[in-house]
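Please keep the sequence and the model open while reading.

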Amino acid sequence: MASGANRGAYYAGFMRPLQEAGVRFDILAGVSAGGIAAAWFAAGDPDALERSWREADRWRVALHPWLERGRWRTVDHLIRTITLQIMDLDAVLAAREEVRLVLSRITGPGFPLPRLERTVVSSRAIGSPEALGLHLRATAFVPWINGFRSAIRIGEDRYLDGGVTGRVPLATIAPGEVDEIWVAVCSPNGRRELEAELAVARGRPERIITITPSEPLSMRRWTMEWDRVRRAIAIGRRDMERTLAEFA
């Protein structure tokens, strides 16, 4: 699942149809909002996933920590106080599915962003719920919005949003590693990047199934209103049901 900020609510609609159809994946890979969705899928609780979006309805996204006041909070604040409080992190680590998160590791100074290197971290290498929480914050730690020079420190390294170094996680799966890949995007930029990735991936041996919104999502990047989020979830549910009917 690709990045897409709050448009990632679209992915929340996937989980219940997949569970009802008994479809399981060996690997769940995601970038930014897609990375958090991948962890939710491993946790396996669609009710909790939708509840996390409903609880976010009372907040709005502050575009910098200096602007946090009243109902306005940064993305990282909302992940810490809602997502990581509701998600069963132990269940993610114990899941049969491997979760692969894309992060952008800071390798040196630069402008307007530091020099970055795409990094993929497997849930199999994350030893505790606390560490998993840091990695989930890192994959979605949007530059500037969470602070001009802020980053998530994990061990000796510092990380920013995985989407900065690539929105689509297709390359996290090695050619031939699996028989089939389902790849989903939820934003116009993600759709364009997916098309470019698929052009490069034509020689891959797997069957690749793509899932994109069948109609425009009535959300912008930082939309928080539950009515619009619920609509995006409903579109995701319908699109997954159609995908299952065609391919599963």
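## An exposed residue and its patch

F148 counts as exposed, because its relative accessibility is 53% (exposed means over 50% relative accessible area, buried under 20% and partly exposed in between, with a 1.4 Å probe and protein chains only). The residue sits in the loop between α7 (129–139) and β6 (152–154), where helices (H or I, at least four residues) and strands (E, at least two) are DSSP runs numbered from the N terminus. Together with L63, W66, L67 and W144, F148 forms a nonpolar surface patch that has about 600 Å² of accessible area in total.

The model is predicted, and local features need pLDDT of at least 70, side-chain atom pairs count only at pLDDT 80 or more, and totals for chains, interfaces and linings use all residues. Residues are numbered from 1 along each chain as its sequence is written, and side-chain values use heavy atoms, with hydrogens and water left out.

S3, which lies in the segment before α1 (9–12), is buried, with a relative accessible area of 8%. Not counting residues up to four places away in sequence, S3 touches Y11, V31, S32, A33, G34, G163, R167, C186 and S187, contact being defined as heavy atoms within 4.5 Å.

G166 is found in the loop between β7 (157–160) and β8, and at 12% relative accessibility this glycine also counts as buried. Leaving aside neighbours within four places in sequence, G166 is in contact with V31, R118 and E193; the C-alpha atoms of G166 and E193 are 8.2 Å apart, although 27 residues separate the two in sequence.

## Cavity and pocket

On a 1 Å grid over the protein atoms alone, a cavity is a set of points where a 1.4 Å probe fits but cannot get out, whereas a pocket is an open set with protein on both sides within 12 Å along at least five of seven lines; lining residues have an atom within 4 Å of a point. Grid points are joined across faces, edges and corners, and a volume is the space filled by probe spheres set on the points.

The largest cavity holds about 410 Å³ of space, and of the 25 residues that line it, N6, I36, W53, I79 and T83 are the closest to its centre. Its lining receives the most from α5, with five residues.

Conventions:
Patches are made of residues with over 30% relative accessible area and no salt bridge: like charges are joined within 9 Å, nonpolar side chains (Val, Leu, Ile, Met, Phe, Trp, Tyr) within 5 Å. Accessible areas come from the Shrake-Rupley method with a 1.4 Å probe; for residues, only the protein chains shown count as cover. A salt bridge is a side-chain nitrogen of Lys or Arg within 4 Å of a carboxyl oxygen of Asp or Glu.
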